[in-house]
Amino acid sequence: MNAQTAWPKGVLARYLTAGGATVDLTYRLTVHNPPQPYATLATCTGCVATNEVSQYVSRWGVEEHAPEIADAESRTWAQSHAETCRAMPKPTA
Ligand SMILES: [Zn+2]
């Protein structure tokens, strides 16, 4: 197993799953120029599981950009998925 493989561009956190795949955390970006992150996305490379958390939260009726809340939620999801996912990563040629 090669754990030292360079992370794909944009990956901010990576979790090793029970099956040897990874759960990658990335930001979803708007099409604006410059692009703005609007959601934190966790993607499992072993199975098809994904979890997208909006970075916009409504507090007292005001919409706020709070990426740290979305990040924390995504990390929790990635951690628990990584612990239970036994799907193996697709071999790369
Ligand atoms: Zn998985």
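**A guided tour from the zinc site to the sheet**

Select the zinc ion first: C44 (SG), C47 (SG), H81 (NE2) and C85 (SG) coordinate it at 2.1 to 2.3 Å, where donors are N, O and S atoms within 2.8 Å of the metal (3.2 Å for Na, K and Ca) and water is not among the atoms, so sites may look incomplete. The model is predicted, with local features requiring pLDDT of at least 70 and side-chain atom pairs pLDDT 80 or more, while totals for chains, interfaces and linings use all residues. Residues are numbered from 1 along each chain as its sequence is written, and side-chain values use heavy atoms, without hydrogens and water.

Display the angles next. The 4 donor atoms subtend 103 to 116 degrees around the zinc ion, so the arrangement is tetrahedral (all angles between 85 and 135 degrees for four donors). C44 lies in strand β3 (residues 37-44) and C85 in the segment after α1 (67-84), so the pair ties together parts 41 residues apart in sequence; helices (H or I, at least four residues) and strands (E, at least two) are DSSP runs, numbered from the N terminus.

Colour by accessibility. C44 counts as buried because its relative accessibility is 4%; buried means under 20% relative accessible area, exposed over 50%, partly exposed in between (1.4 Å probe, protein chains only). C85, at 7%, is likewise buried.

Now select the strands. An open sheet of 4 strands runs in the order β1-β2-β3-β4 with antiparallel pairing, a pair requiring at least two DSSP bridges. Its edge strands are β1 (13-16) and β4 (50-54). Finally, select Y15, whose bridge partner in β2 is V23.

Notes
Tetrahedral: all angles 85-135°; square planar, octahedral: opposite > 155°, others 65-115°.
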